[in-house]
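Have the model open as you read.

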Protein chains: 2
Amino acid sequence: MYTAPLRALIDELGRLPGVGPKSAQRMAFHLLRVPTEDALRLADAIVAVKERTTLCTRCFNVAEGGGMCAVCSDERRDVTVTCVVEDPRDIVAVERTGQFKGRYHVLQGALNPLEGVGPEQLRVKELLQRVDEEGTEEVILCTNPNLEWEATAMYLAKLLTPFGFRVTKLASGLPVGGDLEYADELTLGRALEGRRELDA
Amino acid sequence: MYTAPLRALIDELGRLPGVGPKSAQRMAFHLLRVPTEDALRLADAIVAVKERTTLCTRCFNVAEGGGMCAVCSDERRDVTVTCVVEDPRDIVAVERTGQFKGRYHVLQGALNPLEGVGPEQLRVKELLQRVDEEGTEEVILCTNPNLEWEATAMYLAKLLTPFGFRVTKLASGLPVGGDLEYADELTLGRALEGRRELDA
């Protein structure tokens, strides 16, 4: 029913995360309908990302042209604080808060023995080398609040503590704007556990 | 926070229908992570669709290489019945029923005076020419059940009736597996209006 190129495009679009067969079809017909230059801009953007994106030589964030990423090249960043994240996307989230002035280290994943992801698959060695060389005073383990990451954080904490600087992790608790009534018991438990004094 | 190529890719993905900023970001990072050949297959598929897809010279369905589409080139199809649809995607839907053996005519849109879509923007002239030349016995107006399409169907019916062949439209009513209780009043009204004798 479809022509071969259309079939191929629907298949390829369907491999994108969160895209089912119906959405892939809708996107393919959209690309068919728009002016050729608009569709080719998407094709070119894909090619450009694959050709020009490299990993930062220091922190493994995404970078351009084989050098350091925008954060690492920024001399105003605090070199004594390093925020360890799983994925470059987490950097975008932290940057958006505007509250972190240090630098990052992207592990490129979380420990997951069942899927064969051990410390060697992550950028752990590079992290240890960095904190040893860079005069680090604090490492923030910016972990996603899930089991895999808790395990990764515990593992890293064990390796990092002997260096003698602060090793911290993000606070767990109720999201701002959240509702006590609808909070799950784990989150509420964490919020209780991490309760803080009020400055009166 | 993003590199320029990544920013551009997120922008382009965000133009696809149904893709918000979050999904676009997720897709872009997915493309960044997969092997280059996988990402380039998507880019190539887009280029191929734009380069190789043409409109069928008879019915304006999608076709390859400037000739007729798969349906029109199939000599087993019944040439006396023509199903008029808005969009090539509708052909896919009708073909999936396996119940239609005739040929199609793709209008490439529906009448919409407010958006400047009049009969000249649609393939109406070509439809009239076809039914005049092809020994047509029935035209099925395979309309989406909405107001724009009702108007388009009425307009076409007025033009087609003088030719003297049957002009039909799809039955409106309860979807199979639907629930009377949850049917909207318009649909239920149509179902009543179009009620049929039971063969006992």
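**Two chains, one interface**

Between chain B and chain A, eight residue pairs are in polar contact, both residues being at pLDDT 80 or more; a polar contact is a pair of N or O atoms within 3.5 Å, where within protein one must be able to donate a hydrogen and the other to accept it, and residues adjacent in sequence count only if both atoms are side-chain atoms. This is a predicted model, in which local features need pLDDT of at least 70, side-chain atom pairs count only at pLDDT 80 or more, and totals for chains, interfaces and linings use all residues. Residues are numbered from 1 along each chain as its sequence is written, chains are lettered from A and ligands numbered from 1 in the order in which they are written, and side-chain values use heavy atoms, with hydrogens and water left out.

**What makes up the interface**

- Helices H1 (4-14), H2 (21-33), H3 (36-52) and H5 (88-97) and strand E2 (62-64) of chain B each give two or more residues to the side that touches chain A; helices (H or I, at least four residues) and strands (E, at least two) are DSSP runs, numbered from the N terminus.
- H3(B) provides the largest share of that side, with 14 residues.
- By type, the residues on this side of chain B are 30 nonpolar, six polar and 14 charged; Ala, Val, Leu, Ile, Met, Phe, Trp, Tyr, Cys and Pro count as nonpolar, Asp, Glu, Lys and Arg as charged, and the others, Gly among them, as polar.
- In all, 50 residues of chain B are in contact (heavy atoms within 4.5 Å) with 50 residues of chain A.
- The two chains bury about 4,700 Å² between them, 73% of it on carbon and sulfur atoms; buried area is the accessible area (1.4 Å probe) that two parts lose on being put together, summed over both.
- B:Met1, B:Lys50 and B:Arg89 supply 15% of the area that chain B buries against chain A, more than any other three residues.

**Salt bridges**

- Four salt bridges link chain B and chain A, each being a side-chain nitrogen of Lys or Arg within 4 Å of a carboxyl oxygen of Asp or Glu.
- One salt bridge joins B:Asp87 to A:Arg33, with the closest N and O atoms 3.9 Å apart.
- Over all chains, a search of the whole structure finds 30 salt bridges.

**Symmetry**

- Chain B is superposed on chain A by a rotation of 180° with 0.0 Å of shift along its axis (RMSD 0.1 Å), using least squares on the C-alpha atoms of residues with pLDDT of at least 70 in both.
- The two copies are thus related as by a two-fold rotation axis.
- B:Ala43 comes closest to that axis among the residues of chain B, at 2.1 Å (C-alpha).
- Since 100% of the interface residues of chain B are also interface residues in chain A, the copies meet through the same surface.

**Chain A and one of its strands**

- Chain A has eight helices and six strands, in the order α-α-α-β-β-α-β-α-β-α-β-α-β-α from the N terminus.
- The C-alpha trace of chain A spans about 65 × 50 × 40 Å along its principal axes.
- A:Thr168 lies in strand E6 (residues 166-169), and its side chain makes a polar contact with the side chain of A:Glu138 (2.9 Å).
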